[in-house]
Amino acid sequence: MSGAADEHRAGSTRQGRSARVAQWWRRAWGWEGHERHTALLIGKSTLAATLAWVLSYNVLHAQSPAFAPFSAVLIMQVTVYQSLLQSTRYVGAVAAGVAVQAALGFLGGPDLLTFALVALVALTIGRWPALGAQGSQVATAAFFAFSTYISATSDLDKITQLGQIILLVLIGCGVGVLVNLTVFPPLRLRGAEHGIRSLADAQRDLVADIYPALRQGELDEERAAHWRERADRTGELVTQARTGLRTARESIQYNPRRLLRRHRGRTSFEGYGAVLEALERTLYQLASLTRSLHRWSKEEAGDHHDYGSFLVCYADFVESIAEINEVLAALDEDRLNEQAPQLCRLSDEAQQRRQRVSEQAEKDDLPLMDPAHPYGVLVLEATRLMEEFQYTCDVLQHHVDQRAAEREACT
């Protein structure tokens, strides 16, 4: 009975794994995303390695043909720009390692002391900042060169084998760059959008928790402390967004796909860069707002002053911020023509609600200038938040207007 149950569970596991694999391939085939990028990278790396092997083994009959396919795969990067940059650094690192071995090998001979000196010099050169992530390849190349050097039978053979290492690396890098440049060259234009979406999504979720509690007067210290903690954890999202924007900018450099008609006018990220910077500032302001609310929950809990109307107005304003973030969380280059005006309309509504916050604070005669109470800080934070969101909306609308003017100029 137990055996049958185990067999049934094993069959279900296999079916579940098969279903997940099939779903992964459907996503890779159906739309652009992580799955398709991964599949393309694997396919292109396989093609580059195969071509490099054919050239090194079947054409050159090299004694160490694996250097070429290894190099081809190593420099297959997410962008053409990175492939060119890393291949240049990698060739430089290998050449330096081989040169160190050649110089010390011919001077000291193939003994243990020479190897130690080769390792010392190669590891020191590998720390050179100009080589970047490829610095470790200096020592790797030097060690392989030493192995080749001691197995050679004559000085001419030694020179030939050491030179062949550099030649194979050049072939591998050249094949890798050529494949990455000609076979579906990666164009990560959506990376900038994804970063902005992630930040806006985090803000939307946070403010969506805040405004109902404010409206219902359920502002306790534990809840406010949780909001403050969530706001303080957004630093990683900012880093990811910056990386996505940088990758998007890099992907258009030396990329022939940017010349295609459907990509023209979509390779400028100044607007998205400005929006990202504004969202970073709004996250900072939002973190400051949560700290003020946390302070409120601790200091004003026993205050009998009637500030319920102020809280309701403030909740309305925060809700309008959530509505703006709702649109930003779905930002799409193809829909900016409709999203930008929508953001401007929502920004105007939020501005009106922010004005009502100030008016209600004055009506309730709240001590806005008293640093011992958080009312003035909350009003100030609302003003700063509104300024950043207004700027974000203006930047996107300017971007849309500029694209429309460029299209008219082309026609």
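Here is a walk through this protein, from its overall fold down to a few side chains.

First, some ground rules: this is a predicted model, where local features need pLDDT of at least 70 and side-chain atom pairs count only at pLDDT 80 or more, while totals for chains, interfaces and linings use all residues. Residues are numbered from 1 along each chain as its sequence is written, and side-chain values use heavy atoms, with hydrogens and water left out.

The protein has 14 helices and zero strands, so the order of elements from the N terminus is simply α repeated, α-α-α-α-α-α-α-α-α-α-α-α-α-α. Helices here are DSSP runs of H or I with at least four residues, strands are runs of E with at least two, and both are numbered from the N terminus. Of the 411 residues, 45% count as buried; that means under 20% relative accessible area, with exposed being over 50% and partly exposed in between (1.4 Å probe, protein chains only). The protein exposes about 21400 Å², and carbon and sulfur atoms supply 57% of that (Shrake-Rupley method, 1.4 Å probe). As for contacts, meaning heavy atoms within 4.5 Å, take those with a separation of 6 or more: 80% of them come from residues 24 or more positions apart.

Now for the rings. A pair of aromatic rings is described by the distance of the centres and the angle of the planes. Rings of Phe, Tyr and Trp (its six-membered ring) pair if their centres lie within 6.5 Å; planes under 30 degrees apart are stacked, over 60 edge-to-face, and the rest tilted. The whole structure holds seven such pairs. In one of them, F115 and F146 have ring centres 5.2 Å apart and planes at 75 degrees, so they meet edge-to-face. This pair links distant parts of the chain, since F115 belongs to helix α5 (residues 112-125) and F146 to helix α6 (residues 136-151), 31 residues apart. F115 is partly exposed at 30% relative accessibility, whereas F146 is buried at 9%. Together with F143, F115 and F146 form one aromatic cluster.

Another edge-to-face pair is Y314 and F317, with centres 6.1 Å apart and planes at 70 degrees. These two sit three residues apart in helix α12 (residues 308-328), so about one helical turn separates them. Both Y314 and F317 are buried.

The charged end of K158 sits over the ring of Y149, 4.4 Å from its centre; the test is NZ of Lys or CZ of Arg within 6 Å of the ring centre and within 35 degrees of the ring normal. Then there is Q161 in helix α7 (residues 155-182), which is buried because its relative accessible area is 6%. Leaving aside neighbours within four places in sequence, Q161 is in contact with Q63 and T148.
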